[in-house]
Amino acid sequence: MIRFEHVTKRYPDGTNAVNDLSFEAAEGELVTLVGPSGCGKTTTLKMVNRLIEPTAGRIEVDGADIMAADPVQLRRHIGYCIQNVGLFPHKTVLDNTATVPHLLGWPREKRLKRAAELLDLVGLDPEEHGRRYPDRLSGGQRQRVGVARALAADPPVLLMDEPFGAVDPVVREHLQNEFLKLQARMRKTVLFVTHDIEEAVRLGDRIAVFGDGRIEQFDSPAAVLGAPATPYVADFVGADRGLKRLSVTEIERGDLEEPPVVRLDDDARSAAAALRDRGARWAVVLDEDGDLHGWVGSDEIAKGGAVADYARRMDAWLPLGASLKRAFATMLQYDAGWIAVVDDEESGHFVGVLTPASLHEALRRSIDADARAVARAEVELDSLPQV
Ligand SMILES: Nc1ncnc2c1ncn2[C@@H]1O[C@H](COP(=O)(O)OP(=O)(O)OP(=O)(O)O)[C@@H](O)[C@H]1O
């Protein structure tokens with residue numbers, strides 16, 4: 001748990017970076033701090049591990065006043081992950097990941113084992129990547145190492161400052177999804193700084209929208225998008241918040257349609273007859289394991305042989321949990337009327353297809369769910385006793 005009570009930071013030059021800030025991130029909660037450049041997000045974050053000392057107020061981590069702790073000890077027990085990562089160039093990826101366990105005096109074998117586990121957890125092969133030096137990694141891989149390093153000593157609290165800010169949008173969405181999966185398992189208390197409202201909405205259990213050293217709204221993503229508290233928040237969230245919803249709504253199993261399906265080794269003539277009976281002009285082709293292979297047109301396979309003789313590979317597909325925005329962009333990019341969906345990127349097991357109609361349905365579902373959530377929040381606020 002992280003609690004700010006009336007915290008102010010005034011820099012020596014007189015800049016008031018943070019003004020009388022009070023908010024709390026509950027245990028296991030991911031709170032995103034979002035706002036334009038210079039509004040005090042990084043200052044807020046760095047006060048938690050005392051890289052910056054507050055001028056006034058009190059900050060607690062797991063119930064203890066941070067000012068009572070030794071700053072060096074404090075930092076070793078709080079994970080910290082920043083943009084561009086700051087990996088040591090002369091150390092291997094494994095040694096970089098094991099930095100904090102090393103500082104904590106863990107024996108070499110134990111810390112390298114832990115580092116390897118962590119690399120695996122963030123999707124890097126310890127055998128393949130562990131012995132490399134950071135300059136031999138892509139930007140996205142370096143960010144993963146940054147996350148692994150922050151988690152190495154299993155800290156209960158994690159501070160992340162634009163950790164995915166320096167990678168391209170596709171890798172970024174990928175890293176965000178992976179981090180969400182990781183967080184679902186770890187349930188760390190996380191403060192996550194970003195200037196990107198879409199990232200804030202996608203990742204945060206709650207969002208603190210910052211404006212000029214203050215919090216303008218501290219609420220669920222649904223409430224921030226659906227009921228901005230002030231004109232400033234409405235402006236920051238943007239007039240296109242309906243579109244932003246596309247990036248925070250995930251494809252779910254229930255959104256998908258079930259198209260005709262044939263197998264690679266099916267007899268082509270009988271497959272064609274079955275498709276004709278259903279009035280279908282195409283079918284999804286699966287391999288013997290039920291994994292997505294491609295598609296065929298019903299006219300082509302009428303000539304006989306096996307479906308495998310005609311099947312075409314799929315250009316594009318999506319995993320469950322990908323955003324509707326990605327689905328929409330993929331449809332446009334490939335000029336496709338439908339997109340095949342698999343249960344996850346690695347296994348490739350086919351689960352259904354997304355069409356423009358089902359995409360629209362999914363968007364409706366998200367809007368309705370948010371409207372209900374916002375209505376509930378308002379009722380709860382209304383029913384608070386008046387004092
Ligand atoms: N060391 C410093 N001395 C004086 N002013 C500072 C210092 N560090 C930050 N500031 C000022 O404090 C304010 C808040 O800065 P901060 O870095 O916390 O904002 P931010 O929201 O994280 O911005 P960004 O997204 O650009 O990193 C800004 O006006 C900034 O110029």
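Two residues are taken to be in contact if their C-beta atoms, placed from the backbone, lie within 7 Å, and it is in this sense that the buried residues of helix α8 pack against α7 (139-151) and α14 (324-333). The structure described here is a predicted model, and its chain holds 15 helices and 17 strands. Of the 387 residues of the chain, 39% count as buried, and the C-alpha atoms fill a box of roughly 80 × 60 × 35 Å along the principal axes. Among the contacts between residues at least 6 apart in sequence, 63% join residues that are at least 24 apart.

**Surroundings of the ligand**

- The ligand has 13 residues around it, and of these Y11, A17, S37, T42 and T43 come nearest.
- Helix α1, which covers residues 41-48, supplies the largest share of this shell, namely three residues.
- By residue class, the shell around the ligand is made up of eight polar, three nonpolar and two charged residues.

- Helix α8 runs over residues 169-186 and has 18 residues; the distance from its first C-alpha to its last is 25 Å, close to the 26 Å expected at 1.5 Å a residue.
- The buried residues of α8 are R172, E173 and F179, and because they cover an arc of only 125 degrees around the axis, they are placed on the same side of the helix.
- On the other side of α8, by contrast, V170, A184 and R185 are exposed.
- The partners of the buried residues of α8 are the helices α7 and α14, so that a contact here means C-beta atoms within 7 Å.
- After α8 comes R187, a residue whose phi is positive, near 50 degrees.

**Strand pairs**

- Strand β16 (residues 339-342) and strand β17 run antiparallel and are joined by four bridges, with A340 standing opposite V353 in β17.
- Strand β17 itself spans residues 350-354 and is mostly covered, since four of its five residues are buried.
- Strands β9 and β10 also run antiparallel, and five bridges join them; in this pair F210 stands opposite I215 in β10.
- The hairpin of β9 and β10 has two residues between the strands, and in it D212 takes a positive phi near 50 degrees.

- D212 is not a glycine, yet its phi is positive, at about 50 degrees; its place is in the loop between β9 (206-211) and β10 (214-219).
- D212 has 15 other C-beta atoms within 10 Å and is therefore partly exposed, as the count falls between the limits of 12 or fewer for an exposed residue and 20 or more for a buried one.
- H6 likewise has a positive phi although it is not a glycine, here of about 45 degrees, and its place is in strand β1, residues 2-10.
- H6 is exposed, because 12 other C-beta atoms lie within 10 Å and a residue with 12 or fewer counts as exposed.

- L359 lies in helix α15, which covers residues 356-382, and is buried because 20 other C-beta atoms lie within 10 Å, where 20 or more is the requirement.
- Leaving aside residues up to four places away in sequence, L359 touches L324, A327, F328 and L354.
- One of these residues, F328, is 31 residues from L359 in sequence, while their C-alpha atoms are 8.0 Å apart in space.
- R136 lies in the loop between α6 (126-129) and α7, and counts as exposed because 12 C-beta neighbours are found inside 10 Å.
- R136 and E178 are 42 residues apart in sequence, and the distance between them in space is 22 Å, C-alpha to C-alpha.

Notes: Residues are numbered from 1 along each chain as its sequence is written. This is a predicted model: local features need pLDDT of at least 70, side-chain atom pairs count only at pLDDT 80 or more; totals for chains, interfaces and linings use all residues. A residue is near a molecule or strand if its C-beta atom, placed from the backbone, lies within 6 Å of it. Ala, Val, Leu, Ile, Met, Phe, Trp, Tyr, Cys and Pro count as nonpolar, Asp, Glu, Lys and Arg as charged, and the others, Gly among them, as polar. Two strands pair if DSSP finds at least two bridges between them. The expected span of a helix is 1.5 Å times one less than its number of residues. The arc is that of the directions from the helix axis to the C-beta atoms.
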